[in-house]
Amino acid sequence: MVVTTTTAAEGRDEHVHFSTFATRYVRNPLPKFRMPEKSIPKEAAYQIISDELMLDGNPRLNLASFVTTWMEPECDRLIMASINKNYVDMDEYPVTTELQNRCVNMIARLFNAPVGDGETAVGVGTVGSSEAIMLAGLAFKRKWQQRRKSEGKPCDKPNIVTGANVQVCWEKFARYFEVELKEVKLSQGYYVMDPVKAVEMVDENTICVAAILGSTLTGEFEDVKLLNELLEKKNAETGWDTPIHVDAASGGFVAPFLYPDLEWDFRVPLVKSINVSGHKYGLVYAGVGWVIWRNKEELPEDLIFHINYLGSDQPTFTLNFSKGSSQIIAQYYQLIRLGFEGYKGVMENCMENTKVLREGIEATGRFNLLSKEMGVPLVAFSLKDSSRFTVFDLSENLRRFGWIVPAYTMPANAQHVAVLRVVVREDFGRSLAERLVNDICKLIDEMDVRPGRVSTTEAHVDMEADKHFRKSVQQIKQEVTTHWRRLVEGTTRGVC
Ligand SMILES: Cc1ncc(COP(=O)(O)O)c(C=O)c1O
């Protein structure tokens, strides 16, 4: 990178072409709190920032995330070509608006929404599932309030029933929009919402029950069909009309291709809305999600803003006004480029590579698998014996090989279970899966011979020369939890 300085500048930068690394820009401290008075050459700004960014993790090796880290170069070109288009300028960019509508229609039909041929589905593109969930939650809250008001009943204590395994965005929705979150607790060995307990928790103030298709923690699908049956019965007994929302953030682009007979979507009568992250298994880079409603009756008209902006009436129902167009365009690219066949192929490969990983991890004999064979392609596993080292130690040490694998504890009431989770994305091929298993084995061998924190789960522990301590399983679990709490102080659920 060469910096050309043409204006009067300090010392040797004047009138000459220097490599950036021979200029003052790389030796001066970088502004961190206050905007600098003076400009710097674009080459220097580029070099300095890209150098610092080298210290970020490698996204392709970030196995913590469901979010897409690879797309075809043709799509990258489309993304760059539309990077300067504000999505909200619908009158100016009508084709982009049209592409979003096509995506909504395709996704709604993928989820078996009851829309006839030539009919338009009801839904909207968002920045991700979180925004999609806020919108769906608002629609439920408003519908419930309208009904309660029409019945002359109070409507100031809405609640929502979910499993304790919900992603943090549900807690955000509850707090931001003043809805009580009633969580069904988990238990060791059962890490999704129990539909029986969920329906027991439903009362007249419940605006909806949220089921997850692809729990963030283990990838497991919750049983939407059973939930529907139980809820229909309760609705019939009580005269309530409690609906279901499906949070299909990660499973929405998996289930239709791998498990077409699984009924979790609009085939299930009480499912009124579904969200999905386009940027997860929708195979688009970060910044796109979708929320689809069963029909227009489920989306209260008074939540839709009709604005007269830059020359036309624009109906909008989003939290933000401006946003980029690229991700919408990229979603449309993936839908038409891959088609059903292509998505199916990608999901099948992800599942095959998940199997390789599962089997490799199981073969070590050191882990319990928490994720099921059916679900989102990921492997969640816990150590059978954490007396010498914990999953947090493994997670930390895997970084040495370049892998980013998160370790976390489960939510209430399974907080004592600490797991590692590897998400298998499109770009995580078999050779990477095999290498990861090898690296885990190497680490186990290494840690087995290190001086241990404790020698057995419940026996004598040699620490600090010859002092003997006894550590119970309970103490070890406590340590694991404390370690994790320190790491994520102030946050509840860090995985996404
Ligand atoms: C089940 C579930 N719901 C919602 C979200 C939030 O999705 P987004 O990151 O698209 O906002 C996630 C993210 O991982 C998730 O796993």
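Student: When does a residue count as buried or exposed?

Tutor: Take C-beta atoms placed from the backbone. A residue is buried if 20 or more other C-beta atoms lie within 10 Å of its own, exposed if 12 or fewer, and partly exposed in between. In this chain, buried residues make up 41% of the 496 residues.

Student: What kind of model is this, and how are residues numbered?

Tutor: It is a predicted model: local features need pLDDT of at least 70, side-chain atom pairs count only at pLDDT 80 or more, and totals for chains, interfaces and linings use all residues. Residues are numbered from 1 along each chain as its sequence is written.

Student: How many helices and strands does the chain have?

Tutor: They are DSSP runs, numbered from the N terminus: H or I of at least four residues for helices, E of at least two for strands. The chain has 12 helices and 17 strands.

Student: What share of the contacts join residues at least 24 apart?

Tutor: Two residues are in contact if their C-beta atoms, placed from the backbone, lie within 7 Å. Take the contacts between residues at least 6 apart in sequence: 68% of these join residues at least 24 apart.

Student: Which residues does L258 touch?

Tutor: L258 lies in helix α8 (residues 255-258). Leaving out residues up to four places away in sequence, L258 touches M347, E348 and M351. The C-alpha atoms of L258 and K344 are separated by 6.7 Å, although these residues are 86 apart along the chain. L258 counts as partly exposed because it has 18 C-beta neighbours inside 10 Å.

Student: At what angle do α2 and α9 cross?

Tutor: Axes are lines fitted to C-alpha atoms, for helices over the stretch in contact; angles run from 0 to 180 degrees between N-to-C directions. Under 35 degrees counts as roughly parallel, over 145 as roughly antiparallel, 65 to 115 as roughly perpendicular, and the rest as oblique. The axes of α2 (residues 73-81) and α9 (residues 326-363) come within 8 Å and cross at roughly 150 degrees. That makes α2 roughly antiparallel to α9. C75, L78 and I79 of α2 meet S326, I329, A330 and Y333 of α9.

Student: How do the residues of that contact divide?

Tutor: Ala, Val, Leu, Ile, Met, Phe, Trp, Tyr, Cys and Pro count as nonpolar, Asp, Glu, Lys and Arg as charged, and the others, Gly among them, as polar. The contact of α2 with α9 has six nonpolar, one polar and no charged.

Student: How do α10 and α11 lie, oblique or roughly parallel?

Tutor: The axes of α10 (residues 391-398) and α11 (residues 430-449) come within 11 Å and cross at roughly 120 degrees. The two helices are therefore oblique to each other. On the α10 side the contact uses D393, L394, N397 and L398; on the α11 side, D439, L443 and M447. These residues divide into four nonpolar, one polar and two charged.

Student: Which backbone angles deserve a look?

Tutor: Most residues other than glycine have a negative phi, and most peptide bonds are trans. N112 has a positive phi, near 60 degrees, and is found in the loop between α3 (94-110) and β3 (122-126). L283 also has a positive phi, about 70 degrees. L283 counts as buried because it has 27 C-beta neighbours inside 10 Å. The peptide bond from A412 to N413 is cis, with omega near -5 degrees.

Student: Which residues are closest to the ligand?

Tutor: A residue is near a molecule if its C-beta atom, placed from the backbone, lies within 6 Å of it. Here 14 residues surround the ligand, the closest being G128, S129, S130, T216 and A249. The shell divides into five nonpolar, eight polar and one charged.
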